[in-house]
Amino acid sequence: MSSNSLQAQLDLAKQFFRIGDLDRAEYHTRAFLEINENEEAYFYLGLIQNSQNKWDEALISYYKAVSINHDYGNPCNEIGVLLLRMGKDKEAIYWLKKSVRCTLNDAPHISFFNLATLYKLWNRPERSLQYLHKAMEIKKDFPEAWKMWDELKTDKNESTNAN
C-alpha cells in the first residue's frame, strides 16, 4: 500500500470520527495500524475508545502513541484528563505538565486549561489563574477559559471582602 493511500485511510478514519461514526473510524484506524504503527493513529484510536467510554483501552492507545513519539503532547493531555476522571490527580498533573512541554501539540491552550481546572479543584486559585493566563495568551477567543477566569476572580474578590 502506498503512503498516499495509507494516509487516505487515516484521513478517512478521522473523518468518520468527526461525524461520530465510531465503528467505521475504529475499523479504518486499526486497518492503518496493521500496516503502519504511528503515534497519530494510536492517538485517534485512543480518542475513539475514550468516546466509547473504554478508558483503560484508551489509556493503552495513548501510552503507545507517546512511546512512539515522546514529544507528542496531544496524547499526554488526554492521558492527564483520563487520569483526572479516574481520580488519579497526582498522575494526571505529571501528564498535563508533560503535555505543555511537548513541541508537537495541536492545542497547548487546552493543556493549560486542563491544568487550571486541576488547580481549581485543588483550591489553588492563584496557580489556576496562571495557567488560564497562559491558555488565553495562546488562544484569545477561548470562552471556557474566560468563564473560569471570571469565576476565580469573583471568588477571590468575595473571599477578600469577607476578611
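Q: What makes Cys-102 count as buried or exposed?
A: In this predicted model, Cys-102 has a relative accessibility of 9%, and buried means under 20% relative accessible area, so Cys-102 counts as buried.

Q: How do you know whether Cys-76 is buried or exposed?
A: The relative accessible area of Cys-76 is 0%, which is to be set against the limit of under 20% for a buried residue, and Cys-76 is therefore buried.

Q: How do you know that the length of helix α6 agrees with its number of residues?
A: Helix α6 covers residues 89-101, and its 13 residues, at 1.5 Å a residue, should span 18 Å; the expected span takes 1.5 Å times one less than the number of residues.

Q: Which residues of α6 are buried, and which helices do the buried residues of α6 pack against?
A: Ala-92, Ile-93, Trp-95, Leu-96, Lys-98 and Ser-99 are the buried residues of α6, and the helices they pack against are α4 (55-68), α5 (73-85) and α7 (108-121).

Q: Why is α7 called roughly antiparallel to α8?
A: Helix α7 and helix α8 (residues 125-138) pack at an angle of about 165 degrees, their axes being 8 Å apart. Since angles over 145 degrees count as roughly antiparallel, α7 is roughly antiparallel to α8. The crossing of these two helices, α7 and α8, is left-handed. Among the residues that meet there are Phe-112, Phe-113 and Tyr-119 in α7, and Tyr-131, Leu-132 and Ile-138 in α8.

Q: What makes α2 and α3 roughly antiparallel to each other?
A: The packing angle of α2 and α3 is about 150 degrees, and their axes are 10 Å apart. With the cut-off at over 145 degrees, α2 and α3 are therefore roughly antiparallel to each other. The contact involves residues including Leu-22, Thr-29 and Phe-32 of α2, together with Ala-41, Tyr-42 and Leu-45 of α3. In passing α3, α2 makes a left-handed crossing.

Q: Why are α3 and α4 described as roughly antiparallel?
A: The axes of α3 and α4 cross at roughly 165 degrees and come within 8 Å. An angle over 145 degrees counts as roughly antiparallel, and this description therefore applies to α3 and α4. The crossing in which α3 passes α4 is left-handed, and the residues that meet include Tyr-42, Phe-43 and Gly-46 in α3 and Trp-55, Tyr-62 and Ile-68 in α4.

Q: What makes Glu-37 count as buried or exposed, and where does Glu-37 lie?
A: Glu-37 lies in the loop between α2 (22-35) and α3 (39-51). The relative accessibility of Glu-37 is 52%, and exposed means over 50%, so Glu-37 counts as exposed. Leaving aside neighbours within four places in sequence, Glu-37 is in contact with Tyr-42 and Ile-68. Glu-37 and Ala-65 are 28 residues apart in sequence, with their C-alpha atoms 9.0 Å apart in space.

Q: How do you know whether Asn-74 is buried or exposed?
A: Asn-74, which lies in helix α5, has a relative accessible area of 8%, and the limit for buried is under 20%, so Asn-74 is buried. Apart from neighbours within four places in sequence, the contacts of Asn-74 are Phe-43, Leu-104, Asn-105, Asp-106 and Ala-107.

Q: What does Trp-149 touch, not counting residues up to four places away in sequence?
A: Trp-149, placed in helix α9 (residues 143-162), touches Leu-129, Leu-132, His-133 and Met-136 on that count. Trp-149 and Leu-129 are 20 residues apart in sequence, and 6.6 Å apart from C-alpha to C-alpha.

Q: How many helices and strands does the protein have?
A: The protein has 9 helices and 0 strands, and buried residues make up 45% of its 163 residues.

How values were computed:
Residues are numbered from 1 along each chain as its sequence is written. This is a predicted model: local features need pLDDT of at least 70, side-chain atom pairs count only at pLDDT 80 or more; totals for chains, interfaces and linings use all residues. Side-chain values use heavy atoms; hydrogens and water are left out. Buried means under 20% relative accessible area, exposed over 50%, partly exposed in between (1.4 Å probe, protein chains only). Helices (H or I, at least four residues) and strands (E, at least two) are DSSP runs, numbered from the N terminus. Contact means heavy atoms within 4.5 Å. Axes are lines fitted to C-alpha atoms, for helices over the stretch in contact, and angles run from 0 to 180 degrees between N-to-C directions. Angles under 35 degrees count as roughly parallel, over 145 as roughly antiparallel, 65 to 115 as roughly perpendicular and the rest as oblique. A crossing is left-handed if the near helix is turned anticlockwise from the far one by less than a right angle, and right-handed if clockwise.
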